[in-house]
Amino acid sequence: MGTVHDVAAYILSKAAPMSAMKLQKLCYYAYGYHLAWEDEPMFAERFEAWANGPVAPALYACHRGRFNLDAEDITGDPTALTTGQRESVDIVLETFNQYTAHQLSEMSHQAEGPWDMARRRAGARELERSNEELSDVDMFEYFSRLVSTGADD
C-alpha cells in the first residue's frame, strides 16, 4: 500500500504547481473515490476535519508554512502506487483539477458528508479547530452514493 506522500507526489508529478490546500483536497477526493470504487483504503494515513476541510496531518507536516508546491516539494514514491490507485488518482485529476482550492474545500463541506459528520461528532462550530478523524465508513458510504448517482460531488 502506498502512503499519502506517494499519492501527493503522484498528483504533483501530473499537475504541479498547485497550492497546498488544493493538494490536500485532491488527496481527499482520490482516497474517497478509490475507497468507493475498489472497496479498500488507498493509504493508511488519516484525514481530520479541520476548519477548511479534510486535511491529512502527515502530509500537512511536509508542506506546513508553504502556499505553492512544485513536483519535487513532497517526498514520495509515485511508483509505489498500484495501477488501480494511479487510475483512481487520474480520474480524480480529470474531474477535479479544474476547481480552485477554495471550490474544492467548499465541495468537501457537503451536509452529511464525511467532513461534516466528523465536525458534528466533535461538536466543532464553523471555523473552530478540530482534529476529529474522518471515518472510512462515512467516507465509503458518502463516496459510494456519489458513484451510484453519477454525481461528482
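**Briefing: burial, salt bridges, patches and cysteines**

At 3% relative accessibility, Leu81 counts as buried, where buried means under 20% relative accessible area, exposed over 50% and partly exposed in between (1.4 Å probe, protein chains only). This is a predicted model, in which local features need pLDDT of at least 70 and side-chain atom pairs count only at pLDDT 80 or more, while totals for chains, interfaces and linings use all residues. Residues are numbered from 1 along each chain as its sequence is written, and side-chain values use heavy atoms, with hydrogens and water left out.

- Leu81 sits in the loop between β4 (68-69) and α4; helices (H or I, at least four residues) and strands (E, at least two) are DSSP runs, numbered from the N terminus.
- From Leu81 to Asn97, 16 residues apart along the chain, the C-alpha atoms are separated by 20 Å.

**Salt bridges**

- The count comes to 9 salt bridges, each defined as a side-chain nitrogen of Lys or Arg within 4 Å of a carboxyl oxygen of Asp or Glu.
- One of them pairs Arg46 with Glu133, with the closest N and O atoms 3.6 Å apart.
- That pair links distant parts of the chain, 87 residues apart: Arg46 is in the loop between α2 (20-38) and β2 (48-50), and Glu133 is in the loop between α6 (114-122) and α7.
- Arg46 is partly exposed at 26% relative accessibility, and Glu133 is partly exposed at 40%.
- Arg46 and Glu133 also belong to a network of salt bridges that includes Asp136.
- Glu132 forms a salt bridge with Arg121, and their closest N and O atoms are 3.2 Å apart.
- Because Glu132 lies in the loop between α6 and α7 and Arg121 in helix α6, this pair ties together parts that are 11 residues apart in sequence.
- Glu132 is partly exposed, with a relative accessible area of 26%, as is Arg121 at 42%.
- In the salt bridge between Glu112 and Arg120, the closest N and O atoms are 3.1 Å apart.
- Glu112 has 43% relative accessibility and counts as partly exposed; Arg120 is partly exposed at 49%.

**Surface patches**

- Patches are made of residues with over 30% relative accessible area and no salt bridge, like charges being joined within 9 Å and nonpolar side chains (Val, Leu, Ile, Met, Phe, Trp, Tyr) within 5 Å.
- Glu38, Asp39, Glu40 and Glu87 form a negative surface patch; Asp and Glu count as negative and Lys and Arg as positive, with His and the chain ends not counted.
- The place of a charge is taken as NZ of Lys, CZ of Arg, CG of Asp or CD of Glu.
- A nonpolar surface patch consists of Trp37, Ile91 and Val147, which together have about 230 Å² of accessible area, computed by the Shrake-Rupley method with a 1.4 Å probe and only the protein chains shown as cover for residues.

**Cysteines**

- The count comes to 0 disulfides, a disulfide being a pair of cysteine sulfur atoms within 2.5 Å.
- Cys27 is in no disulfide, and its nearest cysteine sulfur, that of Cys62, is 11 Å away.
- Cys62 is likewise in no disulfide.
- Cys27 is buried, with a relative accessible area of 0%, whereas Cys62 is partly exposed at 40%.
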